[in-house]
Amino acid sequence: MIDLNFDDGIATIIWNVADRPMNVLNDASIAAFESAVRQVIADQAVKGVIISSSRPEFVVGADLDTLRGIDDPAKAMKIAGRLSLLFREIETAGKPFVAAINGSALGGGYEICLACHYRLAADNAKTQIGLPEVTLGLLPGAGGTQRLPRMIGLKNALPMLMEGRKVGVAKAKEMGLVDEVVPADGLMARARQWLLADGAANVVKSWDKKGFRLPGGNVQSPPSWQLFLGVGAALRGKTAGLYPAPAAIMESVYDGCHVDIDTGLKIENRQFARLAVSPRAQNMIRTLFYAIGDANKLIGRPDAVPDKAYRKIGVLGAGMMGAGIAHVSAEAGLDVILIDQSQAAAERGKSYSAKLLDKQVQQGRLTADKRDGFLARITPTTGYDQLNDADIVIEAVFEDRSVKAEVTRAAEGVLPPSAIFASNTSTLPITGLAEASQRPANFVGLHFFSPVDRMLLVEVIRGRETSETTIARAMDFVKRIRKTPIVVNDGRAFYTSRVFGTYVYEGMALLNDGVHPALIERAGTNAGMPVGPLALMDEVSLELMHKVMRQTEADLGAAYKTQPQDPVLIKMVEELKRLGRKSGGGFYDYAADGSKRLWPELATHFPRAKDQLRVDEVQNRLMYIQSIEASHALAENIVCARDADVGSILGWGFPAALGGVVSQVDTIGIARFVAECDRMAQLYGSRFLPPPTLRERAARGELLRAA
Ligand code: NAD
């Protein structure tokens, strides 16, 4: 776990937590490290100490298993406090410690380096350095918020801490996060040399010397005030008050840098404990780290099916989605046959990739050679014959059953029998589309999100006849292109569109109820949604939603129940011809410079109620309705609770602090949630009634999503 070597007065502590996928700080590794550190400090023969790792990474942070589900602040204080004290022992040992950073040093791993007296990084392109705790609702609790500003100044440290940015070695050197970058094969020799030549003169940290000042000015200096004011104001705008960690970091830095380091570390420790036990951090850890991690590991994949290796993919339709799917597939190293009706359309699809890649070349993030190699993997064409050895085909042609049926037949005519055929439909049930297939067991839905190169989620949709082998292979494919799969059963609008739709629909229902549109929009963003529901509706296109509504009406006939948003859709599309952003305007007007403002005439067409709802009531309507719909999807076995949470965060930007659309119910408390739903159902309509299964769980006091 921790190896310890001695060589001529120099001790080397080597991290090697072999029972975990990476070097992490957990009870066992901390205990081993602690005993190694204490041994070398006590050993008079040891004149200097190197800390490094024998694995590709240095140390990547705390093992979150230690913090998962923790609800006792005293326990959280103890966990972080133990490390914090140990690191202070390193710092004040009276003998020099050098961090030989061979690979990534993140979180607690980088905090070890901060405690050392010198930091050497190997010139390794894979190395990331940073304190990303904030991204899981935490703060660096082992000295990070105290040592970093004391070492590199407030101006550089605050954004690093508050955004959880990770940087490569060159940037780390530039920012002063490491002192020196050396060739990888010379790392240990240089560490030794530094200890022997410069170690003794550097055993006391600047902040342990009298008259210490923060680089760039103390907290009380006018530039620092300005900095804190600016950062604080920006923070409020960015986090909507939903994410307590950045503010806690700021407080920890501000308060901690007014006092000596030992007191500062105590301040940090309290802030850490407060965050660690907060439902917000626990939600983020549970969903962002564990649930998304499990989805990426394909937990839930039918395991009897052997792994499928992918080499070649066919993409039908080179429009917005097809071009994106081709791009991410080629990026992952697959050969892509990109098919459209005309050669020009297929070429246009490929040029989408060229544009994205050219930009990366311009920014210096990609070499021209790599771009060319990447592009060479995409073959634009109109013929299907090159699909004869494809492993998978994804169709992204027009959202039209007969067009989809036609391309399904054409592809199956040449595909090898084992290949899977996937549809990227957003609305058409997979079971119905599979009727056009000769091999419905190999037919599956793969629902991507736009823009495909940026959105991480893919919904894998199981049709009635889709085999488990096909599900497993579809999941393998999603992993291969480095996206996150959730598996859902077939049903109207599947899972994500169905639940996400309720947010925009409720926005329109509110408008119809006479709520001020600015209030609706503000309530959405205040609740932590990336954009207000009306703005989102404009992006999605009112015209499209109107079409979906009319189609559903036609499909269901007399069984169709008018929805609260229908009058708004009908008026906006049929009467006012406000079709959405792409068509020149919808709920908003758009200026040529990209700015937008709410369409002033909304007030005429949707008269405002005299008594406006309170913002928190509007917020609750917008947020509860999503969880209610998700509960229906759970009750109907469309999706499991974990995937429902993952899908909501990655699919439509549901706030991570709430853990996802299902965890929100648990965070509120299921009984309280149900009571609120009943109250809102009385006031606003039966759509707020939760499914009976939710009431039953509430009665039994169960969580909706097991930890
Ligand atoms: P698009 O109109 O941009 O692209 C469709 C492409 O298919 C066009 O290039 C068209 O020429 C081509 N095409 C049509 N008939 C064809 C045929 N017979 N053979 C070969 N090519 C043909 O549409 P899009 O936005 O890329 O959507 C494609 C599919 O993805 C639809 O099913 C849509 O519902 C779904 N989808 C769209 C989004 C989105 O945000 N746009 C998101 C998820 C899923």
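Let's start with helix α3, which spans residues 108-115: eight of its eight residues are buried, so the helix is largely enclosed by the rest of the structure. Buried here stands for under 20% relative accessible area. If you want to trace the helix residue by residue, the buried positions are Gly108, Gly109, Tyr110, Glu111, Ile112, Cys113, Leu114 and Ala115. Do keep in mind as you look around that this is a predicted model.

From here, let's move to the ligand. There are 21 residues around it, and those that come nearest are Met321, Asp340, Glu399, Lys404 and Ser426. In the side chain of Glu399, an N or O atom is 2.4 Å from an oxygen atom of the ligand. Lys404 also takes part through its side chain, with a polar atom 2.7 Å from a ligand oxygen. The backbone contributes as well: a polar backbone atom of Met320 is 3.0 Å from an oxygen atom of the ligand. On its own, the ligand has 830 Å² of accessible area, and the protein covers 79% of it.

Which elements give two or more residues to the shell around the ligand? They are α12, running over residues 320-331, and α15, running over residues 401-412. Helix α15 provides the largest share, with four residues.

Note on methods. Residues are numbered from 1 along each chain as its sequence is written. This is a predicted model: local features need pLDDT of at least 70, side-chain atom pairs count only at pLDDT 80 or more; totals for chains, interfaces and linings use all residues. Side-chain values use heavy atoms; hydrogens and water are left out. A residue is near a molecule or strand if one of its heavy atoms lies within 4 Å of it. A polar contact is a pair of N or O atoms within 3.5 Å; within protein, one must be able to donate a hydrogen and the other to accept it, and residues adjacent in sequence count only if both atoms are side-chain atoms. Accessible areas come from the Shrake-Rupley method with a 1.4 Å probe; for residues, only the protein chains shown count as cover. Buried means under 20% relative accessible area, exposed over 50%, partly exposed in between (1.4 Å probe, protein chains only).
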